[in-house]
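Here is my note on the model you asked me to look over. Please read it with the structure open.

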Amino acid sequence: MKKTTVVILFGGRSAEYEVSLQSAGSVIESIDAEKYRVVLIGITRKGEWLKYNGDVQCIQNDTWHKHPSCVPAIISPDPSAHGILVLNGRNITTIPVDVVFPILHGRNGEDGTVQGLLEIAGIPCVGCGMLSSALCMDKDVAHRLANLAGVNTPKSVVVFSSISDKELFERTACLKYPLFVKPSNSGSSIGITKVFNQNKLKDALYIAFQHDRKVLIEEAVDGFEVGCAILGNEILTIGEIDEIELSQDFFDYTEKYTLKTSKIHMPARIDSYTARRIKETAVIIYRALGCRGFARVDFFLTPENEIVFNEVNTIPGFTANSRYPNMLKGIGMTFPEIIDELIRLAMEP
Ligand SMILES: Nc1ncnc2c1ncn2[C@@H]1O[C@H](COP(=O)(O)OP(=O)(O)O)[C@@H](O)[C@H]1O
Ligand SMILES: [Mg+2]
């Protein structure tokens with residue numbers, strides 16, 4: 001049987017570069033080598049694309065880009081090439097590829113940019129397409145579309161970097177503290193601050209504006225965060241719901257990757273009726289935002305059992321121990337099976 005050639009893209013010009021290295025490492029270790037021929041392309045923090053042929057550890061410890069195997073390589077936008085161009089000095093060689101798996105988190109990878117390039121190139125791409133990736137990346141846009149689909153979101157105000165102090169205080173006067181100030185396009189809690197009173201609002205905005213010119217200021221929702229893993233194009237597989245138990249203010253970058261004071265419960269400690277409602281709402285969001293392949297849909301569950309949409313992660317954390325694969329393990333899927341299914345779904349017409 002002819003092997004399917006899969007390009008795994010990792011790294012990326014994003015604040016979540018490091019997270020991508022860990023996710024990609026897990027996928028490379030678990031992908032079925034009998035079935036797939038894997039070609040690795042790393043994207044450095046600066047945005048150089050390098051074909052890499054070393055071991056997984058050098059990806060995980062971020063020394064891969066110094067490896068002698070690295071050669072510049074790009075995805076050809078020309079669909080007749082249907083592959084990557086390896087730029088070895090004056091020599092350009094084409095490697096035909098069947099599918100690309102972008103394991104990139106955040107900007108310049110999860111946000112529709114790479115997906116758009118692959119659409120131009122005519123190469124199947126694992127996960128959501130260009131439009132859906134972009135819609136999900138922008139929290140403000142995603143919230144508006146969720147509202148149109150009848151799903152609640154936190155009460156919020158959107159501001160741009162040109163806003164005056166006077167206007168800022170006027171526009172946020174309707175919001176009840178504490179507030180979350182977040183870049184509209186970001187991830188892993190980077191640039192997000194929880195603000196308890198007006199004195200700290202401008203500092204929080206300053207931080208968020210380092211990451212995006214559009215910032216969401218939203219009321220903190222009481223309760224806890226729950227996630228729903230969805231896998232599929234038309235026919236959907238839904239994982240178990242998980243729950244984040246926090247003992248600090250919020251799930252910040254350090255907490256997400258160390259779980260020092262917080263805990264993830266899988267399955268969530270909720271009744272089956274609430275779990276079903278969360279799954280149904282997640283499907284509404286998945287459809288409304290045009291998702292394909294996979295996504296993790298996150299909500300808050302209030303003490304009154306109200307479901308409030310938070311965000312969709314179109315390339316969720318993807319190590320073998322991450323939330324998304326764990327939720328699917330909850331219904332009996334192994335990590336290699338999830339990878340296999342994602343590639344199959346990408347190649348589905
Ligand atoms: N409106 C909110 N109410 C309560 N907690 C929030 C709210 N918005 C964000 N958080 C907290 O901040 C974390 C990161 O925010 P989120 O919007 O999920 O951004 P990211 O894309 O960085 O994960 C969440 O996991 C949650 O702990
Ligand atoms: Mg989040």
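This is a predicted model: local features need pLDDT of at least 70, side-chain atom pairs count only at pLDDT 80 or more; totals for chains, interfaces and linings use all residues.

The points below go from the overall fold to single residues.

1. The protein has eleven helices and 16 strands. Its radius of gyration is 20 Å, close to the 20 Å that the globule rule gives for 349 residues, so the protein is as compact as a globular protein of that length. Along the principal axes, the C-alpha atoms fill a box of roughly 60 × 45 × 35 Å.

2. **Burial and contacts.** Of the 349 residues, 45% are buried. Take the contacts with a separation of 6 or more: residues 24 or more positions apart account for 63% of them.

3. **Domains.** The domain assignment gives domain 1 (4-125), domain 2 (136-152 + 223-347) and domain 3 (156-219). How far apart are the C-alpha centres of domain 1 and domain 3? They lie 35 Å apart. The two domains do touch: seven residues of domain 1 are in contact with five residues of domain 3.

4. **The seven-stranded sheet.** Seven strands form an open sheet with mixed pairing. The order is β6-β5-β4-β3-β2-β1-β7. Which strands stand at the edges? They are β6 (91-96) and β7 (99-103). Each has a single partner strand, so one side of each is left without a neighbour in the sheet. On average, neighbouring strands of this sheet are turned by 35° against each other, direction ignored.

5. β4 (residues 71-75) and β5 (residues 83-88) pair in the antiparallel sense. Three bridges hold this pairing on the list. For a check by eye, find Ala73: it stands opposite Val86 in β5.

6. **Helix α7.** Which residues of α7 (residues 201-209) are buried? They are Leu201, Ala204, Leu205 and Ala208. These four cover an arc of only 100° around the axis, which puts them on the same side of α7. Their cover includes α6 (165-172), β9 (179-183), β10 (193-195) and β11 (214-219).

7. **The five-stranded sheet.** A second open sheet to inspect has five strands, in the order β14-β13-β12-β15-β16. Its pairing is antiparallel. The edges are β14 (263-265) and β16 (307-313). Each of these has a single partner strand, so one side of each lacks a neighbour in the sheet. Neighbouring strands here are turned by 25° against each other on average, direction ignored.

8. **Strand β12.** Is β12 (residues 224-232) mostly covered or mostly open? Mostly covered: seven of its nine residues are buried. Eight bridges join β12 to β15 (residues 294-301), and the two run antiparallel. Phe224 stands opposite Leu301 in β15. With β13 (residues 236-245), β12 pairs in the antiparallel sense over seven bridges. A hairpin of three residues joins β12 to β13.

9. A row of partners can be followed through Ile244. Glu225 has Ile244 as its bridge partner in β13. Ile244 in turn has Ile264 as its bridge partner in β14. The strands β13 and β14 pair in the antiparallel sense over three bridges.

10. **Helix α9.** Helix α9 (residues 272-288) lies across β12, β13, β15 and β16. It runs at about 60° to β12.

11. **Lys329.** This residue is in helix α10 (residues 323-329). Why does Lys329 count as partly exposed? Because Lys329 has 19 C-beta neighbours inside 10 Å, while a buried residue needs 20 or more. Lys329 and Met266 are 63 residues apart in sequence. In space, their C-alpha atoms are 9.7 Å apart.

Methods:
Residues are numbered from 1 along each chain as its sequence is written. Chains are lettered from A and ligands numbered from 1 in the order in which they are written. The radius of gyration is taken over C-alpha atoms; the globule rule is 2.2 Å times the number of residues to the power 0.38. A residue is buried if 20 or more other C-beta atoms lie within 10 Å of its own, exposed if 12 or fewer, and partly exposed in between; C-beta atoms are placed from the backbone. The arc is that of the directions from the helix axis to the C-beta atoms. Two strands pair if DSSP finds at least two bridges between them. Axes are lines fitted to C-alpha atoms, for helices over the stretch in contact, and angles run from 0 to 180 degrees between N-to-C directions. Domain bounds come from an automatic or database domain assignment.
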